[in-house]
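Colleague: I have a new model open and need a quick tour. Can you walk me through it?

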Amino acid sequence: MKTPRSNMSSANSKAGMSNWIAALAEPAKIETLGPIAARFIYSLRLIALHERARQDPVPELAVRLGNVSAAGQSLSLAQAISRTWPENIHVSRFCCRMLSHDEACIGAMIDHATARSRVQFGRELGGLVRPERIAELWDRTQALILAESHG
């Protein structure tokens with residue numbers, strides 16, 4: 001038998017669920033990310049454009065990032081993500097402020113790594129990426145952060 005208290009918690013959980021679903025329906029914006037994460041998302045979009053054109057993205061990445069090392073690390077991280085992600089990564093247009101769900105997850109992953117929070121980094125990827133592959137993503141993300149900081 002349901003009590004008023006259980007009806008209330010049921011209503012609260014339904015409201016929480018609908019708020020969560022509404023939040024998923026509204027795409028995140030790139031300006032909500034930290035600077036390294038935002039630059040990587042733009043790099044990821046540029047890499048996707050070059051892949052479609054079958055061109056090497058590193059020269060243009062190096063010019064845009066102003067750092068050859070960051071360009072190489074961006075490509076390395078993008079390739080690692082591509083290998084470990086459960087499906088093809090969906091990226092938005094280069095000029096778009098809105099993030100795809102994949103970009104939002106990747107951006108949050110990089111923000112957690114920038115904050116040196118390996119636990120949050122792992123939680124962000126939990127259930128999405130196989131646990132044995134998270135360490136490689138952490139290492140590649142740390143290499144990108146280091147390259148960006150020496151830019």
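Predicted model: local features only at pLDDT ≥ 70, side-chain atom pairs only at ≥ 80, totals over all residues.

Colleague: How many helices and strands does the protein chain have?

Modeller: The protein chain has seven helices and zero strands. Helices (H or I, at least four residues) and strands (E, at least two) are DSSP runs, numbered from the N terminus.

Colleague: And what share of the residues is buried?

Modeller: Of the 151 residues in the protein chain, 37% are buried. Buried means under 20% relative accessible area, exposed over 50%, and partly exposed in between (1.4 Å probe, protein chains only).

Colleague: What about contacts between residues 24 or more positions apart?

Modeller: They account for 63% of the contacts with a separation of 6 or more. Contact means heavy atoms within 4.5 Å.

Colleague: On to the core. Which residues have the most contacts inside the largest one?

Modeller: F40, I81, I106 and L125 do, in a nonpolar core of 37 residues. Such a core is a set of buried Ala, Val, Leu, Ile, Met, Phe, Trp, Tyr and Cys residues joined through side-chain atoms within 4.5 Å.

Colleague: Which helix gives the most to this core?

Modeller: That is α2, with eight residues. Take I81 for a closer look. Leaving aside neighbours within four places in sequence, I81 contacts F40, I89, I106, M109 and L137.

Colleague: How much space lies in the largest pocket?

Modeller: About 260 Å³. A volume is the space filled by probe spheres set on grid points, which are joined across faces, edges and corners. On a 1 Å grid over the protein atoms alone, a pocket is an open set of points where a 1.4 Å probe fits, with protein on both sides within 12 Å along at least five of seven lines; lining residues have an atom within 4 Å of a point.

Colleague: Which residues line the largest pocket?

Modeller: Among them are L44, I47, E51, Q79, S82 and E87. Helix α2 gives the most to this lining, with four residues.

Colleague: Now cysteines. How many disulfides are there?

Modeller: The structure holds zero disulfides. C95 is in none, and the nearest cysteine sulfur, that of C96, is 6.6 Å away. A disulfide needs a pair of cysteine sulfur atoms within 2.5 Å. C95 counts as exposed because its relative accessibility is 67%. C96, at 25%, counts as partly exposed.

Colleague: Last topic, backbone angles. What is phi of R54 near?

Modeller: Phi of R54 is near 55 degrees, a positive value in a residue other than glycine. Most residues other than glycine have a negative phi. R54 sits in the loop between α2 and α3, and R54 is exposed because its relative accessibility is 80%.

Colleague: And where is R116?

Modeller: R116 is in the loop between α5 and α6. Phi of R116 is positive too, near 60 degrees. R116 is exposed, with a relative accessible area of 56%.

Key:
Residues numbered from 1 in each chain as written. Heavy atoms only, no water.
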